[in-house]
Amino acid sequence: MPTAILTGQPVPGSSIESELRSLGFDVHVAAGAAETETLLARVPGEERVAVVDARFVGHPHALRLGLTDPRFPLAAIPGAVTAQPAARQMLTRAMARENSTGGGTAVDVDSLADRITAALDADGAGVHRPELGSLVAAVPADPQARNEARQAVAAVDDEAVRLKSAVKARDGFVTTHFISPYSRYIARWCARRGLTPNQVTTASLITALIAAGCAATGTRGGFVAAGVLLIASFVLDCTDGQLARYSLQYSTLGAWLDATFDRAKEYAYYAGLALGAARGGDDVWALALGAMVLQTCRHVVDFSFNEANHDASANTSPTAALSDKLDSVGWTVWLRRMIVLPIGERWAMIAVLTALTTPRITFYALLIGCAFAATYTTAGRVLRSLTRKATRTDRAAKALADLADSGPLAEAGAKGLRTAARRLPGFATPAVALLGGAAVVATAALTDFGGPWPLVAALGYVLTSALAVARPLKGALDWLVPPFFRAAEYLTVLFLAAKADVNGALPAAFGLVAAVAYHHYDTVYRIRGDAGAPPQWLVRTVGGHEGRTLVITLLAVLLTAAQFKVALTVLAVVVALVVLVESIRFWVAAHQVGAPAVHDEGEPA
């Protein structure tokens, strides 16, 4: 149980002790700095501890934000400071200094908690200060100030602010106007019954899988039920994040589950639509796989661009300036958020079209919408990259190299091509990746199944892939290299399976691409959580993108169409087992050892 140490003289009628207990703290009272230091030393090192001024006046949610957020080792609000186990030593040192000097760090600060915070700031400890907005957090110096602070507290509805802050600050039009107005109340209902965000995330996944099963029936009633359940799944998907913000239940495992299940739900639904269409005599597996490829490549573009510019210097451009100006015009903000077809708009469109039309029409609309969104966002990011003068860091180059997913063949080739790569102009790296990928995709799409040309192109793809990563990915457009690799591998599998023209080949290809895409998403989530890329043994075991492309084109040459279908199925199972087992092992272990809690507030997926 976390411990709160109340310092200073108790104030008659103050509710601070009961408020701290309601937040889960074991409360102790200290008369001064010396007793506070003694009590602090008695608190077990593996527990959170807070020092709070007994004169504190403020909203309960201000205390909650300042003292219970698991994402920050050190945090403070006026009159209170807290440390998690990882930062206990820093808090102890600051407390000892304040006790020994009698407050010499900041003699003009009356509150011991605030003096400790000032000492931590002086040490460069990185104390997080939550944005309180209209919430009150103060240490009044006299009865008049206390009365004024209490009036300020009474003037603001603490629960209304808490509910509002549970909603993501930046979200899509559909989510903001049609889901969040009531999903926040579902989040509160869940919090009051002790449900966790991970439980709600799991419920969302189960609901989406049931929706996929309904779509797989191929009946009109099944399609209508699937659309309704998909919307219900999305409501729960919004609720889990709002519950995490409402109750501050952030965790590394929760962030991973939320992001991973989003992809699993959507792609399982694609498979359900394809199965339902097949029951009605319409084969749309190529469209389903194409939609998954396009959506995954869109995400990789987002991830790569963001990682490339995560800590870039001189991060400005005329394009960015224009975007900032448009943000001041309200309707353009919503229009641009809808154009990129985020998850709310996308799932709403899929649900409505599933209920009212056919799977084929649904996939056509999805492909057209996602293709337009991908063109819009990618073009804007290319313009930003070309017009800004930014210096990419080693961290960004390492993240892009990890996202590239280069296997042993590309790594070995890169070592021998480093000298040649240094002589190439800046734009050559993404150009080489694009040309190599385009060659293997074109031969797979335009030649007969079983011919040698895709294999020849795949051998060339190994060389171009090696050349593309032979030097650090710090160029203006080098963030395009990972999405080019993803598109080349996924589309090669799609076209070879389609060319095989045997029943079951495209579903097997869907399974293989889904397994590989999971590996690529898992890489992103590890990087975002500052956990590093997957281990090298895993990347080598599954071959890297160039190794898998080469193996698949070789199998297409050596095997009959029926045998190729079986080979794709076996590869899908093997890759899925290897990456899933390692991924689950990693994230569960990270959760058990208390990895830093994270919560992604980035672009709507």
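Modeller: Strand 3 (residues 49-53) and strand 6 (residues 80-83) are antiparallel partners joined over 4 bridges. In this pairing, Val49 has Ala83 of strand 6 as its bridge partner. The model is predicted, so local features need pLDDT of at least 70 and side-chain atom pairs count only at pLDDT 80 or more, while totals for chains, interfaces and linings use all residues. Residues are numbered from 1 along each chain as its sequence is written, and side-chain values use heavy atoms, with hydrogens and water left out.

Biologist: What is the strand order of the open sheet?

Modeller: Strands of a sheet pair through backbone hydrogen bonds, either parallel or antiparallel. Helices (H or I, at least four residues) and strands (E, at least two) are DSSP runs numbered from the N terminus, and two strands pair if DSSP finds at least two bridges between them. Here the open sheet has 5 strands in the order 2-1-3-6-5, with mixed pairing. Strand 2 (26-30) and strand 5 (74-77) are the edges; each has a single partner strand, so one side of each is left without a neighbour in the sheet. From one strand to the next, the twist averages 15°.

Biologist: Which strands does helix 3 lie across?

Modeller: Contact means heavy atoms within 4.5 Å. Axes are lines fitted to C-alpha atoms, for helices over the stretch in contact, and angles run from 0 to 180 degrees between N-to-C directions. Helix 3 (residues 60-67) lies across strand 3, strand 5 and strand 6, at about 155° to strand 5. Helix 5 (residues 112-122) lies across strand 1 (3-7), strand 3, strand 5 and strand 6, at about 55° to strand 6.

Biologist: At what angle do helix 18 and helix 24 pack?

Modeller: Helix 18 (residues 408-422) and helix 24 (residues 544-558) pack at about 120°, and their axes are 6 Å apart. Pro408, Leu409 and Ala410 of helix 18 meet Glu546, Gly547 and Leu550 of helix 24.

Biologist: Which residues touch the most other members of the largest nonpolar core?

Modeller: A nonpolar core is a set of buried Ala, Val, Leu, Ile, Met, Phe, Trp, Tyr and Cys residues joined through side-chain atoms within 4.5 Å; buried means under 20% relative accessible area (1.4 Å probe, protein chains only). In the largest core, of 102 residues, they are Tyr270, Leu289, Phe363, Trp479, Phe510, Leu512 and Phe564. Helix 22 (residues 505-528) gives the largest share of this core, 15 residues.

Notes
Buried < 20%, exposed > 50% of the residue type's maximum accessible area, 1.4 Å probe, protein only.
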